[in-house]
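Subject: Structure for you to look at

Hello,

Here is the structure I promised to pass on, with the sequence alongside. Have a look at it first, and then read on for my notes.

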Amino acid sequence: MAALLGEMARRAERSTSYPYFNSLRAERHAAMLQGVPYSVPIDRRLKYARELLQAGRNEDCIVELERVLQEAFPGQPVNRSNRRYYEVLALAYLRLGEQNNCIQRRDPESCIVPVQGGGIHTFRQGSERAAELFEALLRFDSTDLMSRWMLNLAHMTLGTYPEGVPEAFRIPPEAFEAEGPLPKFQDRGAALGVDVVNHAGGSALEDFDNDGWLDIFTTSYSLRDEAKFFRNLGGKRFHDRSHAAGLQGLVAGLNFEVTDFDNDGWKDLFITRGAWLGANGQLPNSLLRNNGDGTFTDITRAAGLLDFYPSQTAAWADY
């Protein structure tokens, strides 16, 4: 299965439509932009900037858009012609702040709305510039709800919410208050060794090795992200045993279901792939048998379950 998924990932890399290979599409746009002056604001340059943003290459995106605004719209405030460039630039600065603080210098309070305490950014340049740009967008169009939300969020990350937000664009603090008392959950991912960075996917807490402690299994939507197995070390920390468990090369997976399909007392998994990917969604699912020794074996083909249809979920039952 790992070899099959690897070939499908390479095939997707040659495609222009697989949604999560943004850097590859950005490189193709860059090649087509060779020789095109920045003073000509063609649509492909905006597409290039968006691919850079979605690839997490925020600094590259910022350099590109700042140059476009300087050469194609010199000295111009936000207007109908350049608005889209300002919108992407503002998002790139906000994401840069997120990368520099929430990811590289993670705190248990990072990225939890309303942002406060340890979630307030130490490296402030990204959010400061983002706040300036979102405010400029709102002064051009005061009905722009996305920019209004992002402006308030940027000020939260700077510790200047609500006073720092112009009253006309301020979201009142009571909008973030619960109707009644709610317990707070503390993010302990980094302290417990499970703070991986990947796409959304499936997750389960289950005692996969039958030692009395709940382990963690996760999948990621991307064709470049492998499934992860974290063994619980007595409630104190988790150990990433993904490769030791035989999961190397088992990428993708929007979701999965857990059951003991062979009634041997060990929890197995069925990973579903391909949903919401359109023509790129013809991916195989995986049936993983728990071997009872800390490893899993993909027996999809042997079980007669190998097919290539987009799948989102599954259900186990004695039909």
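This is a predicted model: local features need pLDDT of at least 70, side-chain atom pairs count only at pLDDT 80 or more; totals for chains, interfaces and linings use all residues.

The assignment gives domain 1 as residues 11-172 and domain 2 as residues 198-298. Nine residues of domain 1 and seven residues of domain 2 take part in the contact between them. The C-alpha centres of the two domains are 34 Å apart.

How much area do domain 1 and domain 2 bury between them? The figure is about 730 Å², with 59% of it on carbon and sulfur atoms. On the domain 1 side, Tyr 18, Tyr 20 and Phe 21 stand out: they supply 71% of the area that this domain buries against domain 2, more than any other three residues.

Three residue pairs are in polar contact across the interface, both partners being at pLDDT 80 or more. The side of domain 1 that touches domain 2 is made up of six nonpolar residues, two polar and one charged.

Searching the whole structure turns up one cavity of 30 Å³ or more, and the largest cavity holds about 40 Å³. Which residues line the largest cavity? They are Phe 208, Asp 209, Phe 229, Asn 290, Gly 294, Thr 295 and Phe 296. By type, this lining divides into three nonpolar residues, three polar and one charged.

Happy browsing, and best wishes

Conventions: Residues are numbered from 1 along each chain as its sequence is written. Side-chain values use heavy atoms; hydrogens and water are left out. On a 1 Å grid over the protein atoms alone, a cavity is a set of points where a 1.4 Å probe fits but cannot get out, and a pocket is an open set with protein on both sides within 12 Å along at least five of seven lines; lining residues have an atom within 4 Å of a point. Grid points are joined across faces, edges and corners, and a volume is the space filled by probe spheres set on the points. Ala, Val, Leu, Ile, Met, Phe, Trp, Tyr, Cys and Pro count as nonpolar, Asp, Glu, Lys and Arg as charged, and the others, Gly among them, as polar. Domain bounds come from an automatic or database domain assignment. Contact means heavy atoms within 4.5 Å. Buried area is the accessible area (1.4 Å probe) that two parts lose on being put together, summed over both. A polar contact is a pair of N or O atoms within 3.5 Å; within protein, one must be able to donate a hydrogen and the other to accept it, and residues adjacent in sequence count only if both atoms are side-chain atoms.
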